[in-house]
Amino acid sequence: MKKVSIIDVAKQAGVSVSTVSLVLRQKGKISAATIEKVQAAIESLGYVHNVAAANLRSSTSNLIGLILRNFSDSFSIKVMASIVQELEKQGYMVFLGQPLNDDEHLARCLLSFKQQGVAGVIYLAADATKAHLPERIRHCPLPLVVVSQSLIDSPCDLVMRDNRQAANLATRYLIEKGHRNIAYIGGTEDNLIREQRLLGFRSALKQYGLVTREESSPACDDGTWAASYVTRQLLEKNNTITALLCHSPDAVIGCLSGISQVGRTVGKDVFLTQQVALVGFEDMLHVNLTSPSFTYVSSASEETGRQAAGLIIRKLKEPELLPQRVTLSGQLVARESA
């Protein structure tokens, strides 16, 4: 069976080869009627456009390198899915790299990107204890967009969550529900996400004239057991606490366990002194399958992915574009736990 060429498409549509090429590349001023004729010819003949060959001829690329270092982080996974979906809509493909947390693997990943001819790189930062990027990323020769859950002090194009706003929003919601003794559970002392959220948490308390108590924001290692332990200790020492902000999904599960161990109830209770409201910072389907369903401030992961994809495309089209910083706010989703 003869392979269908661009010449065959041009003959079928009654236009020049250059016109077909412009339609395929979505370039030039081509009338809607001509585009329709070309598309009809492509469909009729079963022509498949070889994008890689076209890119090679024009010294361009539709490949975007995506570096994801942590596949256990639900935020990063959701952002990755959104990035891929948005780039595919715009005619780009993603080349995924997952280097380990060392310089050698990262260098190998970037070299692989270069060998594959990627046009730009999106880096999903994974270490919330460091405000700076790895040196290899800081000196990446390709157009670069960074996605982070915490502040980055390196000059770069950045898309990030507004953790301070998220905690402030959650705390104000709880205060307006009548809670006056609220605690923040989880995150290690050196965690930058925790640091920013505590700023938002404390600013909301101050706004309503409430006292900030250092003991009401215990840090702990990641993991459900650690969160359960500090929750139980906190509630045993201070039974007037009626609401908890949960740093992470593990903290949520740990808080549920700790609350149960001291004989109290999540969400509404017949006895007001028994209830403990819970609010988190991302949707957790496996928790929301239980009762009560979980109140949270959205992580804006889908919008984060869309913004990152849009920014890398703009950088490819406008190389002189000044560095952009996009900060995304979450929305509170009220359910039964608070």
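Trainee: Against which helices do the buried residues of α2 pack?

Mentor: This is a predicted model, in which local features need pLDDT of at least 70 and side-chain atom pairs count only at pLDDT 80 or more, while totals for chains, interfaces and linings use all residues. Residues are numbered from 1 along each chain as its sequence is written, and side-chain values use heavy atoms, with hydrogens and water left out. Helices (H or I, at least four residues) and strands (E, at least two) are DSSP runs, numbered from the N terminus. With contact taken as heavy atoms within 4.5 Å, the buried residues of α2 pack against α1 (6–13) and α3 (32–45).

Trainee: Which residues of α2 are buried?

Mentor: Buried means under 20% relative accessible area, exposed over 50%, and partly exposed in between (1.4 Å probe, protein chains only). In helix α2, which covers residues 17–25, the buried residues are Thr19, Val20 and Val23.

Trainee: Within what arc do the buried residues of α2 fall, seen down the axis of the helix?

Mentor: The arc is that of the directions from the helix axis to the C-beta atoms. The buried residues of α2 line one face of the helix, because they fall within an arc of 100°.

Trainee: Which residues are buried in α1?

Mentor: What covers the buried residues of α1 includes α2 and α3. Just after α1 comes Gly14, with a positive phi of about 75°. Within α1, the buried residues are Asp8, Val9, Ala10 and Ala13.

Trainee: What is the relative accessible area of Ala300?

Mentor: Ala300 is found in the loop between β10 (295–297) and α13 (301–317). Most residues other than glycine have a negative phi. Ala300, although not a glycine, has a positive phi of about 55°. Ala300 is buried, its relative accessible area being 19%.

Trainee: Where is Glu282, and which residues does it touch?

Mentor: Glu282 has its place in the loop between β9 (275–280) and α12 (285–288). Its relative accessible area of 10% makes Glu282 buried. Not counting residues up to four places away in sequence, Glu282 touches Ser74, Phe75, Pro249, Tyr296, Val297 and Ser299.

Trainee: How many Å apart in space are Glu282 and Gly330, C-alpha to C-alpha?

Mentor: In sequence, Glu282 and Gly330 are 48 residues apart. In space, their C-alpha to C-alpha separation is 9.2 Å.

Trainee: What separates Glu303 and Val159 in space, C-alpha to C-alpha?

Mentor: Glu303 lies in helix α13 and is partly exposed, with a relative accessible area of 28%. Glu303 and Val159 are 144 residues apart in sequence, yet in space their C-alpha atoms are separated by 9.9 Å.

Trainee: What is the radius of gyration of the chain?

Mentor: The secondary structure of the chain comes to 13 helices and twelve strands. The radius of gyration is taken over C-alpha atoms, and the globule rule is 2.2 Å times the number of residues to the power 0.38. For 338 residues that rule gives 20 Å, and the chain is more spread out than a compact globule because its value lies well over this, at 25 Å.

Trainee: What does the C-alpha trace of the chain span along its principal axes?

Mentor: Of the 338 residues, 46% count as buried. Among contacts between residues at least 6 apart in sequence, 68% join residues at least 24 apart. Along its principal axes, the C-alpha trace spans about 80 × 40 × 35 Å.
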